[in-house]
Amino acid sequence: MGWGDMDPPNSSTASRSDTCFGVFNASEGHNTVQNSITSPWFSTAFGLIGLCSNLFALCVLLSSSRKLSSRTRSSFLVFLCGLVVTDFMGLLVTASVIIPYHFIKFAWAEVDPGCHLCNFLGFSMVFFGQCPLLLGATMAGERFFGINHPFSRSTSISKRRAWSIVGLVWGFSCLLGLLPVLGLGRYTLQYPGSWCFITLLPDTGDVIFCLLFALLGIFSVLLSFIFNTISVVTLCRVYHDRESVQRRRDSEVEMMVQLVGIMVIATICWMPLLIFIVQIVLQQLPADGQIQVLPPETQKMLLIYIRMVTWNQILDPWVYILFRRAVLQRVYPSLRPRPSIFSLDPVLNPSLRRKLTPDSVLQ
């Protein structure tokens, strides 16, 4: 996502409002787009940074998962891995369409008269946009039940079940992205003419799909906020309790710090766009299909909010890279595990085991 800032297509396509073209007037503000808004090299550089960041985070995740024996932590890493893979593929897929357009300068109407490429790009924007929000809510819910109701489940979620949940999220997002292809809403070429997205026009199908996309994203962010807030409050309340669960608490704190970081980034990057979509769609409802072209200011604001969304895919991997326990312990040394004779770990510290002989205990 977030590559929508290249040169506009041929302005002759602007009048074709019955297809995926014509939602914006490509002839207006052409020079302004090139001089002040369009920055293809800037976007390309940040796209490459996002790809490299996600690839690095994926390598770190795979390395960490091999060293863990904790089932709870392993399932959490599966969700994180699914999130990183989603962000990486989102950047890769959109770049594979936008970068060739930037260098070849092809005419969309000639290359894609049936709007298949536009539909694919619009589907990718919706799919790879909704997945991180749903995965964030899923991770927050899993940690909420793990922290607040630890005995409600007989066992922790296994890796296979965690991957199944990730697959369900991907499948649901895929069905959501296919709705415009099946007839509910449309994917249309957006300002300045290099990307496709949902159509913010007052047609019935467009309105329903826009509200569905936006409200589902808002619901996911709010659900993550509620789950994470309760989990953080619970951890703060029990953090200074018995030292016997020190190591487990440190692991829980590490996971919650990463979850809160993911939630904060998603909120900052996504909520402006989602609220903007709801606001524009509801304001245009009285027009009842009379508006065929988005106002220039609406087009520009949509582009700005999409750029903000791009940062979500760039920053997500750094949440795990920077907020790992090894890094947090250097910043906050009290997170280092402290050995205790009351530890719940099955194997005691060797030196303590030698001292805790029956004679020493009787004395």
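Student: Where is the place of L51?

Tutor: L51 sits in helix α2, which covers residues 40-67. Keep in mind that this is a predicted model.

Student: Is L51 buried or exposed?

Tutor: L51 is buried, its relative accessible area being 14%. The cut-off for buried is under 20%, so a value of 14% qualifies.

Student: Which residues does L51 touch, leaving out those up to four places away in sequence?

Tutor: With those left out, L51 touches F88, L91 and L92.

Student: And G90, how many Å apart is that from L51 in space?

Tutor: From C-alpha to C-alpha, L51 and G90 are 9.3 Å apart. In sequence, 39 residues separate the two.

Student: Switching to charges. How many salt bridges does the structure hold?

Tutor: There are 3 salt bridges in the structure. As background, side chains of opposite charge can pair when their charged atoms come close.

Student: What does the side chain of E142 meet in a salt bridge?

Tutor: The side chain of E142 pairs with that of R143, at 3.0 Å from N to O.

Student: Are E142 and R143 buried or exposed?

Tutor: E142 counts as buried at 7% relative accessibility. R143 counts as buried too, at 0%.

Student: Next one. Which residue forms a salt bridge with D203?

Tutor: D203 forms a salt bridge with R186, and their closest N and O atoms are 3.5 Å apart.

Student: Where do D203 and R186 lie?

Tutor: D203 is in the loop between β2 (195-198) and α7 (204-238), while R186 is in the loop between α6 (159-182) and β1 (187-190). The pair therefore ties together parts that are 17 residues apart in sequence.

Student: How accessible are the two, as relative area?

Tutor: Both fall in the partly exposed class: D203 has a relative accessible area of 25%, and R186 has 22%.

Student: What about R186 and D206, how do their side chains meet?

Tutor: Those side chains meet in a salt bridge, 3.1 Å from N to O. R186 lies in the loop between α6 and β1 and D206 in helix α7, so this pair ties together parts that are 20 residues apart in sequence.

Student: Is D206 buried or exposed?

Tutor: D206 counts as buried, with 3% relative accessibility.

Note on methods. Residues numbered from 1 in each chain as written. Predicted model: local features only at pLDDT ≥ 70, side-chain atom pairs only at ≥ 80, totals over all residues. Heavy atoms only, no water. Helix = DSSP H or I, 4+ residues; strand = E, 2+ residues; numbered from the N terminus. Buried < 20%, exposed > 50% of the residue type's maximum accessible area, 1.4 Å probe, protein only. Contact = heavy atoms within 4.5 Å. Salt bridge = Lys/Arg side-chain N within 4 Å of Asp/Glu carboxyl O.
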